[in-house]
Amino acid sequence: MAREQYQSLTEQMYYILLSLLSPRCGSEITEKVLEISHERICLKPGTLYALLNTFEKDGIIQEVKREGRKKYYTLTSVGNHMLREEYNRLQLLVLEGSAYLS
């Protein structure tokens, strides 16, 4: 995995990984991202499936089952670690910024 590529995640990447704390298929991921982001992030199919493909290729997520054409994905241990690192990075940004914006 090219670590530099994931040094900081885009919002779409972050929310996709967050949604995959439980196994989900593409349409369920889209719905969960809308829910988590309070309808701010609406994933288009091209964006979603390109990221899922890249994440799977890089060992960040894995397919856990298929039902017809639906593929269900979940985080790998690498993906879980990456999500938690990003969460901690974002918390640090907010903490450091709050000292200046208060």
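Predicted model: local features only at pLDDT ≥ 70, side-chain atom pairs only at ≥ 80, totals over all residues.
## The elements of the chain

Helices, of at least four residues, and strands, of at least two, are runs assigned by DSSP and numbered from the N terminus.

The C-alpha trace of the chain spans about 50 × 30 × 20 Å along its principal axes. The chain has 102 residues, of which 33% count as buried.

The buried residues of helix α1, which covers residues 11–19, are Met13, Tyr14, Tyr15, Ile16, Leu17 and Ser19. The elements that cover these buried residues include the helices α2, α3 and α4 as well as the strands β1 and β2.

One of these partners, α4, spans residues 77–101, and it packs with α1 at an angle of about 125 degrees, the two axes being 10 Å apart. Because of that angle, α1 is described as oblique to α4, and the crossing in which α1 passes α4 is left-handed. On the side of α1 the contact involves Tyr14, Leu17 and Leu18, which meet Met82, Leu83, Glu86, Tyr87 and Leu90 of α4. Sorted by class, the residues of this contact comprise 7 nonpolar, no polar and 1 charged.

## Helix α2 and its packing on α3

Helix α2, made of residues 26–36, packs with helix α3, made of residues 45–57, at an angle of about 110 degrees, and their axes are 11 Å apart. With this angle, α2 is roughly perpendicular to α3, because angles of 65 to 115 degrees are counted in that way. The crossing in which α2 passes α3 is right-handed. Gly26, Ser27, Ile29 and Thr30 of α2 make the contact with Leu48, Tyr49 and Leu52 of α3, and by class these residues divide into 4 nonpolar, 3 polar and no charged.

## The two sides of α2

In α2, the buried residues are Gly26, Ile29, Thr30 and Val33. When the helix is seen down its axis, these buried residues fall within an arc of 100 degrees, so they line one face of α2. On the other side of the helix, Glu31 and Glu35 are exposed.

The buried residues of α2 are covered by elements that include α1, α3 and the strand β2, which runs over residues 70–75. Just after the helix comes His38, which takes a positive phi of about 55 degrees.

## Glu63 in strand β1

Strand β1 covers residues 61–67, and Glu63 lies in this strand. The relative accessible area of Glu63 is 27%, and the residue is therefore partly exposed, since buried means under 20% and exposed means over 50%.

Leaving aside its neighbours within four places in sequence, Glu63 is in contact with Glu56, Lys71, Tyr72 and Tyr73. Ile41, by comparison, is 22 residues apart from Glu63 along the chain, and the C-alpha atoms of these two residues are separated by 23 Å.

Methods:
Residues numbered from 1 in each chain as written. Heavy atoms only, no water. Axes fitted to C-alpha atoms, helices over the stretch in contact; angles between N-to-C directions. Parallel < 35°, antiparallel > 145°, perpendicular 65-115°, else oblique. Left-handed = near helix turned anticlockwise from the far one by under 90°. Contact = heavy atoms within 4.5 Å. Nonpolar A, V, L, I, M, F, W, Y, C, P; charged D, E, K, R; others polar. Buried < 20%, exposed > 50% of the residue type's maximum accessible area, 1.4 Å probe, protein only. Arc of directions from axis to C-beta.
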